[in-house]
Amino acid sequence: MTTVAESIAANYELPPSELTPVVKHLVSIRRPLIIWGPPGVGKSAICRQVADSLSLQYIDIRVLLLDLVDLRGIPYRNENGQTAWATPDFLPEEGSTDGFLINLDELASGKPSIQAALYQLVLDRQIGEYRLPENAAIVACSNRQTDRAVVHKMPTALASRFVHFDISVSHADWMAWAAANSIAPEVIFFLQYRPNHLHHFDPESASKTFPCPRTWEFVSEAISAPNHLNAEGERSMLVGAVGEAAAIEFSSFLEVCRELPHPKTILDDPHSALIPEEDSQLIALCGTLYRMADQFNMDALAVYAKRLRSEVGQFLIDSCVRRDPLLRETSGFISWATHASR
């Protein structure tokens with residue numbers, strides 16, 4: 001029988017799809033919160049997404065880069081001969097009726113003096129004479145002390161001013177996001193084939209980088225650029241982005257992708273086109289088909305998908321409609337959905 005203490009000690013890390021609505025709720029009632037997690041997993045991206053969904057102006061403040069004078073402002077003599085403080089321009093204008101989401105990014109990396117100065121801003125919504133606008137909400141993001149990042153222990157008085165969340169990396173969440181955000185098909189289908197390479201962070205490793213959602217986005221941008229690198233330059237770039245182990249496997253996967261027949265030959269004859277026997281070739285081929293999917297060839301693509309292993313065909317079709325939801329209205333998708341429901 002599970003005791004209350006055991007249930008409280010359970011793992012409460014949330015993937016982005018579950019964390020985002022919670023963040024949105026707390027932002028809407030202006031309750032400060034902080035998201036903890038390793039580098040490159042999308043903490044700041046969630047905050048920006050919430051700001052967009054609530055039509056709030058997004059303000060990113062990198063606490064790590066602040067000095068005390070940056071936050072408090074510079075003193076000057078006002079018209080009454082008294083000392084006043086010039087409010088920093090990165091804070092929203094006092095009295096504004098607009099809505100704002102202020103992200104105190106890398107909060108725990110800030111100097112202890114800066115963290116102390118933030119007590120008043122987070123709890124009382126002011127610094128000195130300056131007051132936050134009524135419609136301004138505060139969130140924060142931070143790496144953890146175990147992440148080998150520049151992190152200072154957060155004072156208890158500041159920590160108690162936030163609702164705390166730990167983020168986890170979700171393969172399914174990232175795949176859905178990638179399909180909807182123009183991530184290169186080679187990256188999407190490689191990470192379907194090798195999901196363990198989506199995020200592998202070892203704080204004890206001597207490697208300068210590691211595979212994570214952020215660095216795979218770097219890779220996607222690089223291989224999608226019109227001016228391609230030579231083989232040696234590309235391998236060096238991959239190692240520099242996601243580390244040696246992931247780069248070696250992805251480089252081999254790219255070679256498979258580039259040696260495959262043009263997907264048009266498959267779409268021209270989906271009933272009898274060959275199906276690769278090796279998993280890496282099959283997944284790579286699906287990536288090239290996904291790149292070409294549109295309302296005109298979705299019928300042929302669905303015919304070919306029905307001939308694949310069920311999980312592979314399902315992933316191919318799901319990826320296509322995540323990238324372009326209008327493909328759900330094609331006869332090819334309707335035929336696939338009917339076939340898959342049997």
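This is a predicted model: local features need pLDDT of at least 70, side-chain atom pairs count only at pLDDT 80 or more; totals for chains, interfaces and linings use all residues.

Trainee: Is histidine 197 buried or exposed?

Mentor: Burial is judged from relative accessible area, and a residue under 20% counts as buried. Histidine 197 has 8% relative accessibility, so it counts as buried. Beyond its neighbours up to four places away in sequence, histidine 197 touches Phe190, Leu191, Pro211, Trp216, Ala245, Ala246 and Glu249.

Trainee: Which residues does threonine 215 touch?

Mentor: Threonine 215 is found in helix H9 and is buried, with a relative accessible area of 7%. Not counting residues up to four places away in sequence, its contacts are Thr209, Phe210, Ala241 and Val242.

Trainee: How should I read the packing of two helices?

Mentor: Two packed helices are described by the angle between their axes and the distance between the axes. Here, take helix H9 (residues 213-224) and helix H11 (residues 244-259): their axes come within 13 Å and cross at roughly 35°. The crossing of H9 and H11 is right-handed. H9 contributes Trp216, Val219 and Ile223 to the contact, and H11 contributes Ala246, Phe250 and Leu254.

Trainee: How many nonpolar, polar and charged residues does the contact of H9 with H11 have?

Mentor: The contact of H9 with H11 has six nonpolar residues, no polar ones and no charged ones.

Trainee: What is the general idea behind a nonpolar core?

Mentor: In soluble globular proteins, nonpolar side chains tend to be buried together. In this model the largest nonpolar core has 52 residues, and those with the most contacts inside it are Trp174, Val187, Phe189, Trp216, Val219, Phe250 and Leu316. Helix H13 (residues 279-292) supplies the largest share of this core, seven residues. A second, separate core has 28 residues, among them Ile34, Leu91, Ile127 and Ala159.

Trainee: Which residues are in contact with phenylalanine 189?

Mentor: Leaving aside neighbours within four places in sequence, phenylalanine 189 is in contact with Phe253, Ile283, Cys286, Gly287, Tyr290, Phe315, Leu316 and Ser319.

Trainee: How does one read the sides of a helix?

Mentor: An α-helix has 3.6 residues a turn, so residues three or four places apart point the same way. In helix H16 (residues 331-340), the residues Gly332, Phe333 and Trp336 are buried. They cover an arc of only 95° around the axis, and therefore lie on the same side of H16. Helix H14 (298-307) and helix H15 (310-323) are included in what covers the buried residues of H16.

Trainee: What can be said of leucine 26 and residues apart from it along the chain?

Mentor: Leucine 26 lies in helix H2 (residues 16-28) and is buried, with a relative accessible area of 10%. The C-alpha atoms of leucine 26 and isoleucine 138 are separated by 9.6 Å, although these residues are 112 residues apart along the chain. Leucine 26 also touches Arg31, Leu33, Val163 and Phe165, not counting residues up to four places away in sequence.

Trainee: Where are serine 182 and arginine 125 found?

Mentor: Serine 182 is in the loop between helix H7 (171-180) and helix H8 (185-193). Its phi is near 60°, a positive value in a residue other than glycine. At 68% relative accessibility, serine 182 counts as exposed. Arginine 125 lies in the loop between helix H5 (112-124) and strand E6 (126-127), and phi of arginine 125 is likewise near 60°.

Note on methods
Residues are numbered from 1 along each chain as its sequence is written. Side-chain values use heavy atoms; hydrogens and water are left out. A nonpolar core is a set of buried Ala, Val, Leu, Ile, Met, Phe, Trp, Tyr and Cys residues joined through side-chain atoms within 4.5 Å. Buried means under 20% relative accessible area, exposed over 50%, partly exposed in between (1.4 Å probe, protein chains only). Helices (H or I, at least four residues) and strands (E, at least two) are DSSP runs, numbered from the N terminus. Contact means heavy atoms within 4.5 Å. Axes are lines fitted to C-alpha atoms, for helices over the stretch in contact, and angles run from 0 to 180 degrees between N-to-C directions. A crossing is left-handed if the near helix is turned anticlockwise from the far one by less than a right angle, and right-handed if clockwise. Ala, Val, Leu, Ile, Met, Phe, Trp, Tyr, Cys and Pro count as nonpolar, Asp, Glu, Lys and Arg as charged, and the others, Gly among them, as polar. The arc is that of the directions from the helix axis to the C-beta atoms.
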